Amino acid sequence: MPVIVIASPKGGSGKSTTAVLLGTELAHAGAAVTLMDCDPNGSLTLWSQRGAIPARIEVLSNVGEGDIIKAIRSHDRDGSVVIVDLEGVASRLVSRAISQADLVITPMRATTLDATIGVRALQLIAEEEEALGRTISHSVVFTMTRAIRSKQHSGIEESLLNQGVDIITPSLMERAAFSALFEFGGDLHNMPAQGRMEGALENASLFAQAVYSRLTQEAAA
Ligand SMILES: Nc1ncnc2c1ncn2[C@@H]1O[C@H](COP(=O)(O)OP(=O)(O)OP(=O)(O)O)[C@@H](O)[C@H]1O
Ligand SMILES: [Mg+2]
């Protein structure tokens, strides 16, 4: 079943937040989810230690270059989803994870600097595609976006679309509830209210649905 790899060489682009939001929303919707923490800084592991791990989620910590492929293959079971969170670098571990992906998601803040570094993920994917002789589905999601969209955001989006890059909508807006996941652990559904909670819940759920629809399209292709 699907292996989703969250990858961007840009540090602080929202990878771990995206991994936790996606994992917890898919689990909330009934899927069995394995969250694989491949970042030596251990963001997902810290999240898992903060509060009760929601039902249907398993967290694997300290997955490194030597065991990533075996770990993915042994957790890639029918009816379950594997989500891999990576460090903000380009490394052999990142390339190996990408080689196993059904979908790579690159979270990106909608600023010129972040987009310039973030699109280097596309280059890593292209290299893996060449090595493997297969295409690897890939999408960008804008993170920490604001209600009023900047000109920079529109310009970056247009440029990516012109390059044929798939952009997931909705973007993940900047929300207190999303950063609070790492304070309280658990998921959005059982955390103490942070800001406008309905907005956060709707944003996360629509994002997870948009990812899920890409996986089902992929499986049908
Ligand atoms: N949508 C969001 N709303 C509010 N805060 C966010 C959002 N996304 C990320 N953040 C905050 O921004 C910071 C960086 O996010 P995160 O840790 O997810 O990025 P990362 O790409 O995993 O970083 P690293 O490259 O260090 O692993 C964190 O403090 C996180 O709480
Ligand atoms: Mg991270």
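This is a predicted model: local features need pLDDT of at least 70, side-chain atom pairs count only at pLDDT 80 or more; totals for chains, interfaces and linings use all residues.
Biologist: Is His153 buried or exposed?

Modeller: Residues are numbered from 1 along each chain as its sequence is written, chains are lettered from A and ligands numbered from 1 in the order in which they are written, and side-chain values use heavy atoms, without hydrogens and water. Buried means under 20% relative accessible area, exposed over 50% and partly exposed in between, with a 1.4 Å probe and protein chains only. At a relative accessible area of 8%, His153 is therefore buried.

Biologist: In which helix is His153, and with which residues is His153 in contact beyond four places in sequence?

Modeller: Helices are DSSP runs of H or I with at least four residues, strands are E runs of at least two, and both are numbered from the N terminus. His153 belongs to helix 7, residues 151-162. With contact meaning heavy atoms within 4.5 Å, and neighbours within four places set aside, the partners of His153 are Ala110, Phe142 and Thr145.

Biologist: And Thr169, buried or exposed?

Modeller: Thr169 sits in the loop between strand 7 (166-167) and strand 8 (172-173). Its C-alpha atom is 6.9 Å from that of Ala210, 41 residues away along the chain. The relative accessible area of Thr169 is 56%, so Thr169 is exposed.

Biologist: What radius of gyration does the protein chain have?

Modeller: The C-alpha trace spans about 45 × 45 × 35 Å along its principal axes. The radius is taken over C-alpha atoms, and the globule rule is 2.2 Å times the number of residues to the power 0.38. For 221 residues a compact globule would be near 17 Å, which agrees with the chain's 16 Å.

Biologist: How far apart do the centres of the positive and negative side chains lie?

Modeller: Lys and Arg count as positive, Asp and Glu as negative, while His and the chain ends are not counted. Each charge is placed at NZ of Lys, CZ of Arg, CG of Asp or CD of Glu. With 18 positive and 25 negative side chains, the separation of the two centres is 3 Å.
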